[in-house]
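User: I would like to learn how to read strands and helices in a model. Can we go through one step by step?

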Amino acid sequence: MEAAIRKDDDNRVTLILDGRLDTSVTQQTEKDVEPLFDYSDCEIVIDCSRLAYISSSGLRLLMAINQRSRANHCDLYIKGLQESVYDVFKTTGFVHLFQFK
């Protein structure tokens with residue numbers, strides 16, 4: 001699992017998730033995304049086009065990112081979900097908790 005943060009411009013930051021976001025990597029990924037919370041009053045996009053799998057611990061991490069981003073007055077969007085990952089969001093009801101692009 002790799003997590004990369006890319007600043008696109010003054011008002012937009014992208015978090016790129018690549019691989020499998022499961023229990024074995026959630027703790028490290030949480031540390032990897034910490035710099036994301038240095039940004040405020042911006043748009044944060046989580047690019048999941050290379051995310052092959054997400055577990056419940058991965059969903060919890062995304063929920064924490066969403067909450068902390070809102071506290072920093074950022075709008076958070078998810079884009080590029082593969083069908084199998086989208087099915088997890090749909091089954092768990094997480095499709096109602098996030099905005100999608």
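Predicted model: local features only at pLDDT ≥ 70, side-chain atom pairs only at ≥ 80, totals over all residues.

User: How does the chain cross from strand 2 to strand 3?

Analyst: The path goes through helix 1 (residues 23-32), and this β-α-β crossover is right-handed.

User: In which sense do strand 1 and strand 2 pair?

Analyst: Strand 1 (residues 2-9) pairs with strand 2 in the antiparallel sense, over 7 bridges. The two form a hairpin, with 2 residues between them. Within this pairing, Lys-7 stands opposite Val-13 of strand 2.

User: Is strand 2 mostly covered or mostly open?

Analyst: As a general idea, side chains in a regular strand alternate between the two faces of the sheet. In this case strand 2 is mostly covered, since 7 of its 10 residues are buried.

User: How do I describe helix 1 and helix 2 together, and at what angle do their axes cross?

Analyst: Two packed helices are described by the angle between their axes and by the distance between those axes. For helix 1 and helix 2 (residues 56-71), the axes come within 8 Å and cross at roughly 20°. An angle under 35 degrees counts as roughly parallel, so helix 1 is roughly parallel to helix 2. On the side of helix 1 the contact is made by Thr-23, Thr-26, Thr-29 and Glu-30, and on the side of helix 2 by Ser-57, Gly-58 and Leu-61. Sorted by class, this contact has 1 nonpolar, 5 polar and 1 charged residues.

User: Why is Ala-64 classed as partly exposed?

Analyst: Ala-64 is found in helix 2. Partly exposed covers the range between under 20% (buried) and over 50% (exposed), and Ala-64 falls there because its relative accessible area is 33%. Ala-64 and Glu-30 are 34 residues apart in sequence, while their C-alpha atoms are 9.3 Å apart in space.

Conventions:
Residues numbered from 1 in each chain as written. Heavy atoms only, no water. Buried < 20%, exposed > 50% of the residue type's maximum accessible area, 1.4 Å probe, protein only. Helix = DSSP H or I, 4+ residues; strand = E, 2+ residues; numbered from the N terminus. Pairing = 2+ DSSP bridges. Right-handed = clockwise from strand over helix to strand, strands pointing away. Axes fitted to C-alpha atoms, helices over the stretch in contact; angles between N-to-C directions. Parallel < 35°, antiparallel > 145°, perpendicular 65-115°, else oblique. Contact = heavy atoms within 4.5 Å. Nonpolar A, V, L, I, M, F, W, Y, C, P; charged D, E, K, R; others polar.
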